[in-house]
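This report goes through a protein chain a few places at a time. Keep the sequence and the 3D view open while reading.

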Amino acid sequence: MLEAKSLRKAAISPALVQNPSPGNLQSTRFALHVNEDESYCSAFIASGRNIYKLEISLEDSSISKGKESLLIPVPAKVIRSSLLKSCPHRSEIQSVVLAGTDSSSGNDCLILGSVDCYGHLFVSRLVTSDQDVDRITYSVLPRDNGVGEGSWAGLCFNPSQWYMAAVARSFCKSVDVYDQDIHLRSFSPLYYPAALSFVKSSFSTNEDSILAVAEGCQLSIWDLRVKENGGCIQRICGSVGDILYAVCGDSAGNIAVGGADRTVTVYDPRRWSALGRWVNCSKYEITGLAFSSLEPSHIYVQGVDYEVFCGKFKEKEKVLSFKGDSNWLGFSKCSNRDVVGGWTDSGSIFLADITTKENECSDMDLVGGWTDSDS
């Protein structure tokens, strides 16, 4: 069972971001990273053509609850904030993703990726130190050089190979896979893609070649090694007319999707059957999903409304929830920790630190059990 350790709310200075750009319905312009000593959390937000970094204190705080066990946030301190100069985009940024750390250069580095509405990709290496040094690693122009109308664009990194990235462009109905700045493969979805994620394969020794894409009302699975059918190895149709906006995978290879039907569905890739279906779990459209790193049976759900909650998708039971103070502009979860957060339209950042709940067992019960067995 999971429980909240803390819920913090930090305010972004209007001098840093005065009027956030509207972005798109999918809240993919926010990324989180907790430093090694867990003293602060780095939050990356994108507005317009710029990316900003904020370091938020994670000092100990108590947890309080309101009606229906809704978590109440406590104020958090922003240690420092800055504008990153390593991502010189010329159009509005649509997605920001962290690929974890890279220690090949001798220093631990954060790998930050961003893509704008025309599909222009920037990948930067940020040195994790007291004085961050940000420098561009590489950039990739879209294959059509950004000609045409801009739209939502998504980005995901391969979990085991940070230098492999996939970029989806909604209006162009295209998904491109890159090995650094080298183009590897293009996929052609039937509908407008709205989310994508690399997932582990349970039926192959190579765990880095499967890509899950939410397009229209369908979940499509693509394999980088397959040429037949353009690389598409499976299609699962959801509720007709209800667009899917979110997709994610867990360590076992299971895939979760959610969207306009307000339902979370988890699929087993070995049989492509539903492991669980949590119907109408959200009041509005679901635009963000993330499996728990502590309990695989739990999933975090973020919708168009202010609420973010965690629950068991098989039992259809909510475990904890909290609300923002306005519409979400970004939602993210740390890759290897249960720290989830969001950025709201009013300029607030909410951070929830989740931990496992210890089994409570009194010493008196244990003693009583020993006494009964002795007798």
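In this predicted model, Asp-261 sits in the loop that joins β22 (255–259) to β23 (264–268). Asp-261 has a relative accessibility of 15%, and because buried means under 20%, Asp-261 counts as buried. Apart from residues within four places in sequence, the contacts of Asp-261 are Ser-239, Asp-242, Arg-277 and Asn-280. Gly-238 is 23 residues from Asp-261 in sequence, while their C-alpha atoms are 9.0 Å apart in space.

One of the residues involved is Ile-255, whose bridge partner in β23 is Tyr-267. The hairpin of β22 and β23 has four residues between the strands, and Arg-262 there takes a positive phi near 60°.

β23 also pairs with strand β24 (residues 273–278), again in the antiparallel sense. This pairing runs over five bridges. Tyr-267 takes part here too, with Ala-274 as its bridge partner in β24. Four residues lie between the strands in the hairpin of β23 and β24, where Trp-272 has a positive phi near 55°.

How many of the five residues of β23 are buried? Five of the five are, so β23 is largely enclosed by the rest of the structure. Val-264, Val-266 and Asp-268 point one way from the strand, and Thr-265 and Tyr-267 point the other way.

Phe-313 is found between β27 (307–312) and β28 (317–323), in the loop. Is Phe-313 buried or exposed? Its relative accessibility is 4%, so Phe-313 counts as buried. The C-alpha atom of Phe-313 is 7.4 Å from that of Val-264, although the two residues are 49 residues apart along the chain. Phe-313 touches Val-266, and also Gly-276, Arg-277 and Trp-278, if residues up to four places away in sequence are not counted. Among its other contacts are Phe-291, Pro-296, Ser-297, His-298 and Ile-299.

The next topic is the nonpolar core. The largest one has 21 residues. Ile-12, Leu-32, Ile-45 and Ile-349 are the members with the most contacts inside this core. At least two core residues come from each of β2 (30–34), β3 (40–47), β4 (50–57), β30 (339–344) and β31 (348–356). Ile-45 gives a detailed example: outside the four places on either side in sequence, its contacts include Ile-12, Val-17, Phe-30, Ile-51, Leu-54, Trp-343 and Ile-349. Arg-29, Asn-50 and Tyr-52 are also in contact with Ile-45.

Aromatic rings come next. The structure has six aromatic pairs, and two of them are set out below.

| Aromatic pair | Centre to centre | Angle between planes | Type |
|---|---|---|---|
| Trp-162 and Tyr-163 | 6.2 Å | 75° | edge-to-face |
| Trp-328 and Phe-350 | 5.9 Å | 80° | edge-to-face |

Trp-328 belongs to strand β29 (residues 328–333) and Phe-350 to strand β31, so their pair ties together parts that are 22 residues apart in sequence. Both Trp-328 and Phe-350 are buried. Together with Phe-322, they form one aromatic cluster. In the other pair of the table, Trp-162 is buried at a relative accessible area of 15%, whereas Tyr-163, at 29%, counts as partly exposed.

Lys-173 lies over the face of Tyr-192, 4.8 Å from the ring centre. Lys-318 has its charged end over the ring of Phe-309, at 4.3 Å from the centre of that ring.

The last topic is cysteine. A disulfide is a covalent bond between the sulfur atoms of two cysteines. How many disulfides does a search of the whole structure find? The search finds zero. For Cys-334, the nearest cysteine sulfur is that of Cys-41, at 5.2 Å. A disulfide requires the two sulfur atoms to be within 2.5 Å, and Cys-334 is in no disulfide. Cys-334 counts as buried, with 3% relative accessibility. Cys-232 is also buried, with a relative accessible area of 11%.

How values were computed. Residues are numbered from 1 along each chain as its sequence is written. This is a predicted model: local features need pLDDT of at least 70, side-chain atom pairs count only at pLDDT 80 or more; totals for chains, interfaces and linings use all residues. Side-chain values use heavy atoms; hydrogens and water are left out. Buried means under 20% relative accessible area, exposed over 50%, partly exposed in between (1.4 Å probe, protein chains only). A nonpolar core is a set of buried Ala, Val, Leu, Ile, Met, Phe, Trp, Tyr and Cys residues joined through side-chain atoms within 4.5 Å. Contact means heavy atoms within 4.5 Å. Rings of Phe, Tyr and Trp (its six-membered ring) pair if their centres lie within 6.5 Å; planes under 30 degrees apart count as stacked, over 60 as edge-to-face and the rest as tilted. A charge sits over a ring if NZ of Lys or CZ of Arg is within 6 Å of the ring centre and within 35 degrees of the ring normal. Two strands pair if DSSP finds at least two bridges between them.
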